[in-house]
Amino acid sequence: MAEREEAHLNGAYYGPSVPPSKSYHRPSRGGGPLGCCCSCVFGLVFKLIFAAVVFMGLAFLVFWLIVRPTKVKFHVTDATLTQFNFSTDSNLHYNLALNLTIRNPNKKIGVYYDRIEARALYEGQRFSTVTLTPFYQGHKTTNILNPVFQGQQLIVGSDLLEEFNEQKTAGVYKIEMKLYLRIRFRLGKIKTGKFKPRIECDLKVPVSQNGTLVGTFQTEKCSVDFFNYR
């Protein structure tokens, strides 16, 4: 009996087969070739954008060093106010003449003034508007414009007459002139698009009585309020 059991243990085993073990393949976190391609594309785009920004910055720097652009300067050098009074129906009667100088200090840049609109205001209210003749201003040139505001305009306000009487007693009126421009710049044969600056001039204008000025007008420098491109 023992010999049979030993022979059985030493013989071949014909039991059920053992299933093979399964192997699992974990996908790589990099997304394979597609992820690598996307990374290359994004890297290339970033480098191109960076190179374009650097190139534009260098081009602007070279342009500025060569051209040296300077702001155009506006001054009101003289003002004559021969009429400025209110009637009983709150109409302002006025006659105001100004001398406006425009200086282009640039050596290589000219300016096209395609539209020049001058507005006169008193205590924040517009009482007259005139349109001046367009012109071209060359390099390092000074031009003189002569806007004249004449007529009457209804102006109302709670404190308007009180301010007016105080300034009348002092003999000097605080009047504001605003210029609404549409301009283009010229550099050689190159012309830019249109810009729309607004110029503000705060004036203290003495009254002229019987041809004689009560005070002396002081030259006023105007300021550029904003600069839009169109």
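Over the ring of which residue does the charged end of R184 sit? The ring is that of Y112, with the charged end of R184 4.7 Å from its centre. R119 lies over the face of Y180, at 4.1 Å from the ring centre. A charge counts as sitting over a ring if NZ of Lys or CZ of Arg is within 6 Å of the ring centre and within 35 degrees of the ring normal.

The model is predicted; local features need pLDDT of at least 70, side-chain atom pairs count only at pLDDT 80 or more, and totals for chains, interfaces and linings use all residues. Residues are numbered from 1 along each chain as its sequence is written, and side-chain values use heavy atoms, with hydrogens and water left out.

Eleven aromatic pairs are found in a search of the whole structure. Rings of Phe, Tyr and Trp (its six-membered ring) pair if their centres lie within 6.5 Å; planes under 30 degrees apart count as stacked, over 60 as edge-to-face and the rest as tilted. F84 and F164 form a tilted pair, 6.2 Å centre to centre with 40 degrees between the planes. F84 lies in strand β1 and F164 in helix α3 (residues 160–170), so this pair ties together parts 80 residues apart in sequence. Helices (H or I, at least four residues) and strands (E, at least two) are DSSP runs, numbered from the N terminus. F84 is buried at 6% relative accessibility, and F164 is buried at 5%. Buried means under 20% relative accessible area, exposed over 50%, and partly exposed in between (1.4 Å probe, protein chains only).

F84 also forms a tilted pair with Y173, at 4.8 Å centre to centre and 55 degrees between the planes. This pair links distant parts of the chain, with F84 in strand β1 and Y173 in strand β8 (residues 172–187), 89 residues apart. Both residues, F84 and Y173, are buried. One aromatic cluster is formed by F84, F86, Y94, Y122, F127, F164 and Y173.

Two loop residues other than glycine have positive phi values. S90 has a phi of about 70 degrees. S90 is placed in the loop between β1 (73–86) and β2 (91–104). Its relative accessible area is 28%, so S90 is partly exposed. E123 has a phi near 55 degrees. E123 is placed in the loop between β3 (109–122) and β4 (125–132). E123 is partly exposed, at 39% relative accessibility.

V45 lies in helix α2 (residues 32–67). V45 is partly exposed, at 40% relative accessibility.
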